[in-house]
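This report concerns a single protein chain. The sequence and the model are shown first.

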Amino acid sequence: MRNGLYIETIRHLHCTVLRAGGELDHAGRVRFSTCINAVWDWSVGPVLVFDLADLDFYDSSVIGVLAMAMQRMEEQGSGRIILVRPSDHLLSVLRLTDLLSRVELRESVEETVAELMLNNSARGSPSSPHPRFSSHRH
């Protein structure tokens with residue numbers, strides 16, 4: 001996508017995957033934050049898996065989006081943020097803003113979803129009334 005922001009959410013039993021592509025600027029930050037709030041209760045915690053590899057452009061708005069989610073998790077006392085394949089630039093910005101220690105890093109969305117399913121199955125977590133997965137575009 002050349003202009004604008006594309007956001008796709010995928011609901012899994014133990015996490016929500018948020019894929020973003022295109023350009024994440026101030027206007028996109030508002031849309032992305034609204035999207036996060038809309039899917040907040042899709043997973044217990046929640047566990048939010050961000051795949052931002054397809055972003056062509058982003059400014060400090062990406063930090064605003066992640067910080068908003070972190071603050072909300074802090075306020076409710078639970079939740080996890082997992083970043084999949086973050087760019088070197090994003091890693092350095094997260095390091096500079098002291099947010100890197102508050103996220104988990106992974107190499108693959110698929111492996112992350114599988115790992116979360118296995119870990120939760122091993123713990124004997126109760127069944128959820130939610131479907132295994134569903135996808136939405138925002």
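**Architecture**

The model is predicted. The secondary structure of the chain comprises 4 helices and 6 strands, and from the N terminus on these elements run in the order β-β-α-β-α-β-α-β-α-β. The chain has 138 residues, of which 43% count as buried. Among contacts with a separation of 6 or more, 70% are between residues 24 or more positions apart.

| Strands | Sense | Bridges | A pair of opposite residues |
| Strand 3 and strand 4 | parallel | 5 bridges | L48 and I81 |

**Nonpolar cores**

The largest nonpolar core consists of 28 residues, and those with the most contacts inside it are L18, F32, I36, L48, F50, L52 and I81. At least two residues of this core are supplied by each of strand 1 (5–12), strand 2 (16–24), helix 1 (26–39), strand 3, helix 2, strand 4 and helix 3. Helix 2 provides the largest share, with 7 residues. L52 illustrates the packing: when its neighbours within four places in sequence are left aside, L52 is in contact with A20, F32, V62, L83, V84 and L90. Another core lies apart from this one; it has 10 residues, among them C15, I82, V109 and V113.

**The aromatic pair**

How many aromatic pairs does the structure hold? The structure holds 1 aromatic pair. The ring centres of F32 and F50 lie 5.9 Å apart and the ring planes stand at 70°, so the pair is edge-to-face; the cut-off for that class is an angle over 60 degrees. The pair links distant parts of the chain, since F32 belongs to helix 1 and F50 to strand 3, 18 residues apart. F32 counts as buried because its relative accessibility is 1%. F50 also has a relative accessible area of 1% and is therefore buried. Both residues are listed with those that have the most contacts inside the largest nonpolar core.

Which residues of helix 3 are buried? In this helix, which spans residues 88–96, the buried residues are L90, L91 and L94. These three cover an arc of only 100° around the axis, and therefore they lie on the same side of helix 3. An α-helix has 3.6 residues a turn, so residues three or four places apart point the same way. On the other side of helix 3, D88, R95 and L96 are exposed. The buried residues of helix 3 pack against strand 3 (47–58), helix 2 (61–76), strand 4 (80–84) and strand 5 (104–106). Helix 3 is followed by D98, which has a positive phi near 65°.

How values were computed:
Residues numbered from 1 in each chain as written. Predicted model: local features only at pLDDT ≥ 70, side-chain atom pairs only at ≥ 80, totals over all residues. Heavy atoms only, no water. Buried < 20%, exposed > 50% of the residue type's maximum accessible area, 1.4 Å probe, protein only. Arc of directions from axis to C-beta. Contact = heavy atoms within 4.5 Å. Core = buried A, V, L, I, M, F, W, Y, C linked by side-chain atoms within 4.5 Å. Pairing = 2+ DSSP bridges. Phe/Tyr/Trp six-rings, centres within 6.5 Å; stacked < 30°, edge-to-face > 60°.
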